[in-house]
Amino acid sequence: MKTDYEMEELVPVVSGLAERYTGGESTSVTYEKAQQLMEAVLYCIHELEQPAEHDAENPELKADNKAEKNSVSAGKPIEKMPAQQAYRLGLDRVKEKTEKTLRRYNELLPGFVYFENRCLYDTFVKGLPRFFRWYHIEFDPQNTILTLDYPVLRDLSAFTGIDKIAAFTDCIRLEQMFLKSFPEDYVRNVLASYDSSYPAMVENICEPVAGDVVCHIMTGKPLSEGKPGKEEMIRLRQLFRKKHAEDIIEQLQQAFRQFLADYCGDSVELYTYFAKSIRGITARLAVMAGQVDF
């Protein structure tokens, strides 16, 4: 993790943290623990130095962090702050983000739907409480603790610690918003058609639903009338043959955005979340329609 601070500026901060870790008895710790504490200091400083990067997937936290950055710097750039001050401000930011993420989690939990998918349930309902129970903000904030086995539709590989948990929780918030826009029986039927053992599958459960929605949009068949039949698939094949792939994707993106606006409440956030999946979904539909060279 990069920082603008030199090692000689960071060592006193780490030493102070080591003293708190040992309860004031010593600043001497093992090499492994010293490395962990150095990473903890860097994590907190990085939280303050690059808030836009860390909160890119969470507009609310990003806005709050921007306001905080403007207020604490007050004409004095953060990179010019003493390392100790930057660390303390970053640590406060980690604490604030942890509290906000826990509140968001608790808001999502009562109405949470998972359609018997064990991976989603185990990760979100059983796993996240363990994170909040064992997460140590001061001595190990960089530790994500969980493997987060349920795959969301964003790449969270660049995140660790509370940054990753916050981004993951926000992904689940958007997925819940999407899934709750449909009757439960419809979602279950789509998942069962996609994979008869869907409760055990380790895949994102929103993507098959989005794929089914896209198929209905492209064939013009209402969701309430069941899956597209032979005639609709013929029209779909004709569509793929008449239009260029990029034109189809662009047309579909606009239609999907409008669908989200009409039925799911928040087209902007949800569309941004699903945008990267649309191309893959369209390619799979092309294969289904027999247009394998799409």
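How many aromatic pairs does a search of the whole structure find? The search finds 15. Before we visit some of them, a word on what you are looking at. This is a predicted model, in which local features need pLDDT of at least 70 and side-chain atom pairs count only at pLDDT 80 or more, while totals for chains, interfaces and linings use all residues. Residues are numbered from 1 along each chain as its sequence is written, and side-chain values use heavy atoms, with hydrogens and water left out.

Let us begin with the overall picture. The protein has 12 helices and zero strands; here helices (H or I, at least four residues) and strands (E, at least two) are DSSP runs, numbered from the N terminus. Of the 294 residues in the protein, 46% are buried, where buried means under 20% relative accessible area, exposed over 50%, and partly exposed in between, with a 1.4 Å probe and protein chains only. A contact means heavy atoms within 4.5 Å. Among the contacts in the protein with a separation of 6 or more, 67% come from residues 24 or more positions apart.

How far can each part be trusted? The predictor's confidence in each residue is given as pLDDT, from 0 to 100. The mean for the protein is 85, and 85% of its residues reach 70 or more. Confidence is highest in helix α6 (residues 118-134), at a mean of 98, and lowest in helix α4 (residues 59-73), at 45. Over residues 56-79 the pLDDT stays under 50, and the model has 39 contacts beyond four places in sequence for this stretch. Where pLDDT is low, the predicted coordinates should not be read in detail.

Now back to the rings. A pair of aromatic rings is described by the distance of the centres and the angle of the planes. Rings of Phe, Tyr and Trp (its six-membered ring) pair if their centres lie within 6.5 Å; planes under 30 degrees apart count as stacked, over 60 as edge-to-face and the rest as tilted. A search of the whole structure gives 15 such pairs. One of them joins phenylalanine 131 and phenylalanine 132 edge-to-face, with 5.3 Å from centre to centre and 80° between the planes. Phenylalanine 131 is buried, at 0% relative accessibility, and phenylalanine 132 is buried too, with a relative accessible area of 18%. Another pair, phenylalanine 182 and phenylalanine 259, is stacked: the centres are 6.1 Å apart and the planes 15°. Phenylalanine 182 lies in the loop between α7 (161-179) and α8 (184-194), and phenylalanine 259 in helix α11 (residues 245-263), so this pair ties together parts that are 77 residues apart in sequence. Phenylalanine 182 is buried at 9%, and phenylalanine 259 is buried at 11%.

Ring pairs also build a cluster, linking Tyr105, Phe112, Tyr114, Tyr121, Phe124, Phe131, Phe132 and Tyr135. Elsewhere a ring meets a charge: the charged end of arginine 257 sits over the ring of tyrosine 271, 4.0 Å from its centre. To be counted this way, NZ of Lys or CZ of Arg must be within 6 Å of the ring centre and within 35 degrees of the ring normal.

Next, follow helix α8. Tyr186, Val187, Val190 and Leu191 are buried there. They cover an arc of only 130° around the axis, which puts them on the same side of α8; the arc is that of the directions from the helix axis to the C-beta atoms. On the other side of α8, Asp185 and Asn189 are exposed. The cover over the buried residues of α8 includes α7 and α9 (206-219).

The loop between α6 and α7 is our next stop. Threonine 144 is found in this loop and is buried, at 12% relative accessibility. Leaving out residues up to four places away in sequence, threonine 144 touches Phe131, Thr160, Gly161, Lys164 and Ile165.

Finally, phenylalanine 115, in the loop between α5 (83-108) and α6, has a positive phi near 55° and is buried, at 4% relative accessibility.
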